[in-house]
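Visitor: I would like a close look at one part of this model. Please keep to a single place and what surrounds it.

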Amino acid sequence: FDEFQKDMSSQEFLVTDVCETADKLSADQHPESEVILTKKTELLEAWARLKSLAVARQQRLLGAHEIQRFNRDADETIAWIAEKDAVISIDDFGKDLASVQTLQRKHEGVERDLAALEDRVRTIGVEAERLCGIHPDQAEQIQAKHKEIVQNWEALIEKARLRKEKLDKSYQLHRFLADFRDLTSWINDIKNVICADDLAKNVSGAEALLERHAEHKSEIDAREDSFRATAEAGQMLLESGHYAAEEVKEKLSILADEKTQLLELWEERRIRYEQCMDLQLFYRDTEQADTWMAKQESFLVNQDLGDSLDSVE
C-alpha cells in the first residue's frame, strides 16, 4: 500500500496537467469546450473517489495493524504468564533452612518479574478498551483475548501468593528445627563438659571445681533467651495450625525435657561438688588437728623433767 501511495503521489501531476490543459482549451474557446470541461469534471471526480478509497483503505489497514499488534502482544503476555506459572508451580519448598532460603530468594526474583508483567497486563487492558471503542466490529474478539489474559494473570497471582505463604511456613519450620538442633547439640556438649570433671583431692581443687561449675550455670543462663525464643517460635507454629504441628509439638517436648535434665544434672553435680568441698575441708581440718595434736603429744611425752629448780620452772 505504501508503494501504491507513492505511485498516486507521482501521478497526481498528470491530473493537474490535464486540468490545466482543459482550462486553457476552454479559455481559448475550443469548439469542444463543453466536452472538455465535462471530461475534466469526470476526471476530478474519479481522482477524488480514488483518493477517498485510498484513505479508507489506509484506515482499514491501520486498524488491522493495531488489532494484529494487540493480538501479538496479548499472545506474548499469555506465554510469559504460562512461563512464570511453570516456575511457581513446582512442589519444592525446601528440605532444610539453606534450601528454603535459596527458594525464597528465587521467588523474590519471580515477584519482581510479576511486578513488571503487571504493568504489561494493565497496558494491554487499556489498549483493549481503546480498540473496542474504535473497532466495534472486532470488540468481541478483543474482549475475549483480554479476558483470557486477566483470568490467567489472576490465577498466576494467586499461585504466587500461595507459594510465598508455603515458603514462609517452610522457613518458619526449618528455622525452628535448626534452632532445636543447635540447642539440643549444645545441651549434649555442656552435659559432657559438666560430667567431665573428677572429684577434687584437696580444698583448692574443690574450690576450682565449684568455680568452673558456677561458670557452666552462667553459660546455661546465657542461653535462656535462645530457649525462650525457640519455644515461642514453636508455639506460634502450633497456634497457626502449621502442617507440621505434630512434629513441632514433639520437638518442643523433647527440648523441654532436655533442658530439665540439664538443670537437674547441674544441680546434682553442684551438690556432689559441695559435698566434695565439705569433705576436703574436713580432711584439711582433721589433718591440721592431727598435726597440732602430734606436736603437743611429743611435748607431753618428753622425759626431760629438769635437774634443778630453775630448769623445772
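Visitor: Between which helices is the loop that holds Ala244?

Guide: Ala244 sits in the loop that joins helix H6 (224–239) and helix H7 (245–300); helices here are DSSP runs of H or I, at least four residues long, numbered from the N terminus. The model is predicted, so local features need pLDDT of at least 70 and side-chain atom pairs pLDDT 80 or more, while totals for chains, interfaces and linings use all residues. Residues are numbered from 1 along each chain as its sequence is written, and side-chain values use heavy atoms, without hydrogens or water.

Ala244 counts as buried, because its relative accessibility is 9% (buried is under 20%, exposed over 50%, partly exposed in between, with a 1.4 Å probe and protein chains only). Its C-alpha atom is 9.2 Å from that of Ser170, although 74 residues separate Ala244 and Ser170 along the chain.

H4 packs against H6 at about 145°, and the two axes are 10 Å apart (axes are lines fitted to C-alpha atoms over the stretch in contact, with angles from 0 to 180 degrees between N-to-C directions). On the H4 side the contact includes Phe176, Phe180 and Leu183, and on the H6 side it includes Phe227, Thr230 and Leu237; contact means heavy atoms within 4.5 Å.

Trp186, Ile190, Val193 and Ile194 of H4 touch His213, His216, Glu219 and Ile220 of H5. Trp186 also belongs to the contact between H4 and H6.

Terms used. Helices (H or I, at least four residues) and strands (E, at least two) are DSSP runs, numbered from the N terminus.
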